[in-house]
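Hi everyone, thanks for making time this morning. I'd like to walk you through one model, so please have the sequence and the structure open while I talk.

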Amino acid sequence: MKQQAFGAARMRGMKTLLVVHSSGRATRSITRKLALRFAARWQAREGFRVLERDLTSEPPPVVNEAWIAAAFRDPEKRTDADGLVLQRSENLIRELESADAVVIGVPLYNFGMPAQLKAYIDQIVRVGRTFALDPSAPIPYWGLLPPKPVVVVTSAGDGELQKGGALEHLNFLEPHLTHVLGFIGLGEPTWVRVGYEEFGDDRLKRALSAAEAAVDRLADELSEATSLKTA
Ligand SMILES: Cc1cc2nc3c(=O)[nH]c(=O)nc-3n(C[C@H](O)[C@H](O)[C@H](O)COP(=O)(O)O)c2cc1C
């Protein structure tokens, strides 16, 4: 699937799906496969495009002293050097803003999200840019991005860690990612879950079939809703 320049796609008025991959596996990845299945259905419509952001082949930098100083400086007082330090963050935020819908592929790693996805989150969650902060307000934070449909496709080695499972309380990925997406204004994501990848038995087969059906349904519903909204 070809990556497109987000600015160009927007200029042509294309309906854009942003696909964010965070699996460490380039091949055999369940989350990549399901996210690309969604993308293929989206892209099958006339005028619908896909942007792919691969956080593993191109990991966002971790935030450091210079980034934090620049991000928290009054935008009026930012230097050229600040602008350069924040450029990657700015590009990732604009890419997100250019999308009509987003699909995020996320494996469960060590009870949470992969480091490359956390690095991405740290780049796109920025005070005064994607969330506002007013310590004197009754609720001191609010999101600055417009809500848009977000689907998160996740896979875990042990299905008991997924929602409804006996070990659900040890899954810190789902509450964390759900909260942070809402925090910047995108709204609550829809989760598609696969479990038992490490068991490889009938439970995995059933989870995969259910996830494929959910992906197909969501891709059709969201692309239809997007075409109606922007027609
Ligand atoms: C570094 C690493 C950490 C993992 N940690 C967990 C874990 O905490 N719990 C779990 O159930 N599975 C864990 N797994 C298994 C993955 O969640 C599982 O293989 C999943 O299918 C990976 O997504 P992918 O198929 O898209 O690569 C881990 C796998 C790796 C490589």
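For burial in general, a residue is buried if 20 or more other C-beta atoms lie within 10 Å of its own, exposed if 12 or fewer, and partly exposed in between, with C-beta atoms placed from the backbone. You'll find Phe111 in the loop between strand E3 (101–107) and helix H6 (115–124). Its phi is near 75°, a positive value in a residue other than glycine.

A quick word on what we are looking at. This is a predicted model, in which local features need pLDDT of at least 70 and side-chain atom pairs count only at pLDDT 80 or more, while totals for chains, interfaces and linings use all residues. Residues are numbered from 1 along each chain as its sequence is written. The helices (H or I, at least four residues) and strands (E, at least two) are DSSP runs, numbered from the N terminus.

Tyr196 is not a glycine either, and has a positive phi of about 70°. Is Tyr196 buried or exposed? Tyr196 has 23 C-beta neighbours inside 10 Å and therefore counts as buried. This tyrosine sits in the loop between strand E7 (190–194) and helix H8 (202–230).

While we're in that region, have a look at Gly159, in the loop between E6 and H7. Gly159 is buried because it has 23 C-beta neighbours inside 10 Å. Which residues does Gly159 contact, leaving aside its neighbours within four places in sequence? They are Gly165, Gly195, Tyr196, Arg203 and Ala207, where contact means that the C-beta atoms, placed from the backbone, lie within 7 Å.

Let's move to the sheet. It is an open one, with 5 strands in the order E2-E1-E3-E6-E7 and parallel pairing. Strand E2 (48–54) and E7 are the edges, each pairing on one side only. On average, neighbouring strands are turned by 15° against each other, direction ignored. Pairing here requires that DSSP finds at least two bridges between two strands. As for angles, axes are lines fitted to C-alpha atoms, for helices over the stretch in contact, and angles run from 0 to 180 degrees between N-to-C directions.

Follow strand E1 (15–21) for a moment. E1 and E2 are joined in the parallel sense over 7 bridges, and Leu18 has Leu51 in E2 as its bridge partner. How many of the residues of E1 are buried? The count is 7 of 7. In a regular strand, side chains alternate between the two faces of the sheet. Both faces of E1 are covered: Lys15, Leu17, Val19 and His21 are buried on one side, and Thr16, Leu18 and Val20 on the other.

On E3, the parallel pairing with strand E6 (residues 150–155) runs over 6 bridges, and Val106 stands opposite Thr154 in E6. Helix H7 (residues 173–183) packs on the sheet, touching E3, E6 and E7, with its direction at about 165° to that of E6. Helix H5 (residues 87–98) lies across E1, E2 and E3, running at about 130° to E1.

H5 also meets H6: their axes come within 8 Å and cross at roughly 90°. The two helices are therefore roughly perpendicular, a label that covers 65 to 115 degrees, with under 35 roughly parallel, over 145 roughly antiparallel and the rest oblique. H5 brings Arg88, Ser89, Leu92, Ile93 and Leu96 to this contact, and H6 brings Tyr120, Gln123 and Ile124. By type, the contact has 5 nonpolar, 2 polar and 1 charged; Ala, Val, Leu, Ile, Met, Phe, Trp, Tyr, Cys and Pro count as nonpolar, Asp, Glu, Lys and Arg as charged, and the others, Gly among them, as polar.

Finally, the ligand. It is surrounded by 19 residues, the closest being Thr31, Pro107, Ser155, Gly157 and Glu197; near means a C-beta atom, placed from the backbone, within 6 Å. Helix H2 (residues 30–43) gives the most to this shell, with 3 residues. The shell divides into 7 nonpolar, 7 polar and 5 charged.

Technical notes: Contact = placed C-beta atoms within 7 Å.
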